[in-house]
Amino acid sequence: MDNKTIYALSTLFGKSGIAVFRISGASAFSVFGKMTSIDMDKYEDRKMYFAELRHPVSRETLDSVLIVGFKAPHSFTGDDTVEINCHGSKAVIRSILEALSVLPDFRLAEAGEFSRRAFYNGKMDLTEADGLADLIDAETKLQQKIALQQMGGSLLNLYDNWRSQLVEILSYIEAFIDFPEENIPQNTVFKIEKKVKDIQLSIQKHLSDNKVEEHLRDGFRVVIAGPANAGKSSLINAIVNRNVAIVSDIAGTTRDVIDAYIDIKGVPVILSDTAGLPEGNDKIEQIGIDMAKEKINEADFKIFIFDASNNNTTPDIFNMYMTAENNYILVANKADKLSAKQKENLVKQNYVLISAKQNDNIQAITDKLYYYFSEIFADNSSQIITRRRYKDALIECLDNLKRFNLNKDVELAAEDIRLACRSIGKITGRVEVDEILDKIFSSFCIGK
């Protein structure tokens, strides 16, 4: 990464009411002098100015803009930063991009470079940067909530706390390495080993509580399964409120797995419509059924549906897919054709009665889905592992902590802790040796 001043359009390119340019770097404030007539002797930081924006060479007026400056370190990147709010015309945007390109030491920013500079300048750690990326990509309220919590430092505080404890432990051990004539007191050995064990248990609990990191971004997998003509396609169409699956009275119409993405009160869900169970009549249909069985086994939640008005259909096939995890619901379709007695019997068997075609009681299904998935987030929503690399680094940290004990050479024990610190540092981006030295010199009277 060079030291040039970078610029970019921060809003989408296209026709809009307003477009925003961000400029950051040592020469950012030259925009005021070379492209506006603002008197810099009277300039006030972080104050919005209305000005005519002119080309730095031709002096042609490009647009009437609102422009604001942020002196380092009080900016997003930590460097001098200027933001230009202009009209969102394609012609205006192109002309400003061209004008900025002729300024000395200016260049177009690379993807993510403003956030990268913020990281290098200590304005955010890697977990906060990931949270920002997740917020930009958020499509549901839950994704927005988790991303904002992560941007606010929920994971950083947790991981930094573990890491600072490990750094403190390492500082003690390093001190005894520097003074080999000093034996580690037994009570110190006990305290260090207990502290390491406590951190180990905390990380293990954090990992065991987090089973949903991929689902947060990609969505929970929900499969609709049941016999042919049970109303699976009608149900998925009713839930998503649009036609995503073909509805037909002909058995075996759905031969492939059809996916639909929905937002259930902020929870991202991928609904899959599958081929009818149990067996197909031809090779192609059987392939679809095999795919359906695979999807059922992989699903986070299952909706088992059957045609309650047809005496020839039976939900017995569901039994092989039911689990003790309670991650399924039983649905009796075409309830509008049932007698009161039939409905009563099905309710006693814990069936949800619906009419997919009439769009009747569909909300009962979405409510159950929301309740099931929201419960997963209820206890630890502020500390959800949102990246696979976090999990990998924490597992690596655990492996190093499990190897640690003070019965072996103290240098090897120190290396176990050092590697554990480094593993957590991979998550936040904070891997520094100097802080270990700082701990040593602040905690001990070395050189007395």
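Predicted model: local features only at pLDDT ≥ 70, side-chain atom pairs only at ≥ 80, totals over all residues.
Local features need pLDDT of at least 70, side-chain atom pairs count only at pLDDT 80 or more, and totals for chains, interfaces and linings use all residues. Residues are numbered from 1 along each chain as its sequence is written, and side-chain values use heavy atoms, with hydrogens and water left out.

User: How many salt bridges does a search of the whole structure find?
Analyst: Side chains of opposite charge can pair when their charged atoms come close. A salt bridge here is a side-chain nitrogen of Lys or Arg within 4 Å of a carboxyl oxygen of Asp or Glu. Over the whole structure, the search finds 19.

User: Is Asp307 buried or exposed?
Analyst: Asp307 forms a salt bridge with Lys334. The pair links distant parts of the chain, with Asp307 in strand S10 (residues 301-307). Buried means under 20% relative accessible area, exposed over 50%, partly exposed in between (1.4 Å probe, protein chains only). Asp307 has a relative accessible area of 6%, so Asp307 counts as buried.

User: What is the relative accessible area of Asp392?
Analyst: Asp392 forms a salt bridge with Arg388. Both lie in helix H13 (residues 388-403), about one turn of the helix apart. Asp392 is partly exposed, because its relative accessible area is 38%.

Technical notes. Helix = DSSP H or I, 4+ residues; strand = E, 2+ residues; numbered from the N terminus.
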